[in-house]
Amino acid sequence: MSQLADNLARIRTRIADATARSGRTAESVTLVAVTKSASVEQARELALAGCMDLGEGRPQELWSKAAALSDLPIRWHLIGHLQRNKVERTLPLVSIIHSVDSLRLLRAIDAAAESLGRTMPVLLEVNISGDAAKHGFSPAEMPERLAEISECKRVHIRGLMAMAGLDGDADRARTDFRNLRQLRDRLRGMPGGACLSELSMGMSGDFEAAVEEGATIVRIGSALFEAIEP
Ligand SMILES: *Cc1c(COP(=O)(O)O)cnc(C)c1O
């Protein structure tokens with residue numbers, strides 16, 4: 001087995017173990033392999049190894065990898081900031097956008113989806129840790145925003161996405177994940193919140209804690225490429 005396929009198998013096992021500890025099935029978590037520091041060949045190898053969900057942080061990088069790998073039925077996830085002037089070109093290529101962080105962006109996605117004649121699944125990015133440097137809605141504004149969002153007919157809000165705090169402490173990360181799940185649970189009972197089934201949280205350094213706290217999608221990059229020469 002190649003190092004990459006071996007790393008992928010190990011991560012899948014660790015996800016399965018974490019789901020078992022929290023009484024869930026391994027299938028309840030989707031692994032998104034983040035290929036932002038990987039080559040097109042490595043992204044292809046991941047897909048051929050059965051990992052069909054790939055994530056990119058920058059729209060331009062997603063465009064070029066999606067074009068190079070268009071022969072494979074990859075589901076592309078945009079996980080980084082999307083500027084409104086890149087919406088039209090990005091929409092036809094992605095199966096979900098994790099990083100919707102403003103109403104203006106949401107309205108631009110809605111309009112582009114309308115002209116493409118499709119619906120667009122998205123997640124709302126929440127700045128759960130309150131770091132000033134991070135994108136995302138504040139937890140406090142979420143009820144009001146959700147009510148406003150219901151006017152966007154072509155956008156399907158599937159859940160919430162967040163990153164743990166930048167200070168890198170494991171307990172703090174777990175608290176952030178728990179807070180995101182509890183926010184989601186509260187929002188589900190509010191207008192426009194019933195559709196929030198997904199929780200995209202957990203990266204290479206903290207995905208097991210995220211799964212234990214209820215993640216349905218984990219976004220993993222560097223751990224997949226450990227011990228691989230660039
Ligand atoms: C880079 C990135 C990841 C993956 O991070 P790793 O620590 O390499 O696993 C996940 N989510 C987002 C939003 C990222 O930008």
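Which residue just after α5 takes a positive phi? That's G117, with a phi of about 70°. Keep in mind that this is a predicted model. Here's a quick tour of helix α5 and of strand β6, one of the elements that the buried residues of α5 pack against.

**Helix α5**
- α5 covers residues 103–116, so to speak a 14-residue stretch.
- From first C-alpha to last, α5 reaches 20 Å, close to the 20 Å expected at 1.5 Å a residue.
- The buried residues of α5 are L103, L105, L106, I109, D110, A112 and A113.

**Strand β6 and its partner β5**
- β6 is mostly covered, with five of its seven residues buried.
- β6 pairs with β5 in the parallel sense, and six bridges hold that pairing.
- If you want a spot to look at, V122 has I157 in β6 as its bridge partner.
- To get from β5 to β6 the chain goes through α6, and this β-α-β crossover is right-handed.

**Strand β6 and its partner β7**
- β7 (residues 198–200) runs parallel to β6, and three bridges join the two.
- Here you can look at G159, whose bridge partner in β7 is E198.
- Helix α7 (residues 170–188) belongs with β6 and β7 to another β-α-β unit, and that one is right-handed too.

Definitions and conventions:
Residues are numbered from 1 along each chain as its sequence is written. This is a predicted model: local features need pLDDT of at least 70, side-chain atom pairs count only at pLDDT 80 or more; totals for chains, interfaces and linings use all residues. Side-chain values use heavy atoms; hydrogens and water are left out. Helices (H or I, at least four residues) and strands (E, at least two) are DSSP runs, numbered from the N terminus. The expected span of a helix is 1.5 Å times one less than its number of residues. Buried means under 20% relative accessible area, exposed over 50%, partly exposed in between (1.4 Å probe, protein chains only). Contact means heavy atoms within 4.5 Å. Two strands pair if DSSP finds at least two bridges between them. A crossover is right-handed if, with the strands pointing away from the viewer, the path from the first strand over the helix to the second runs clockwise.
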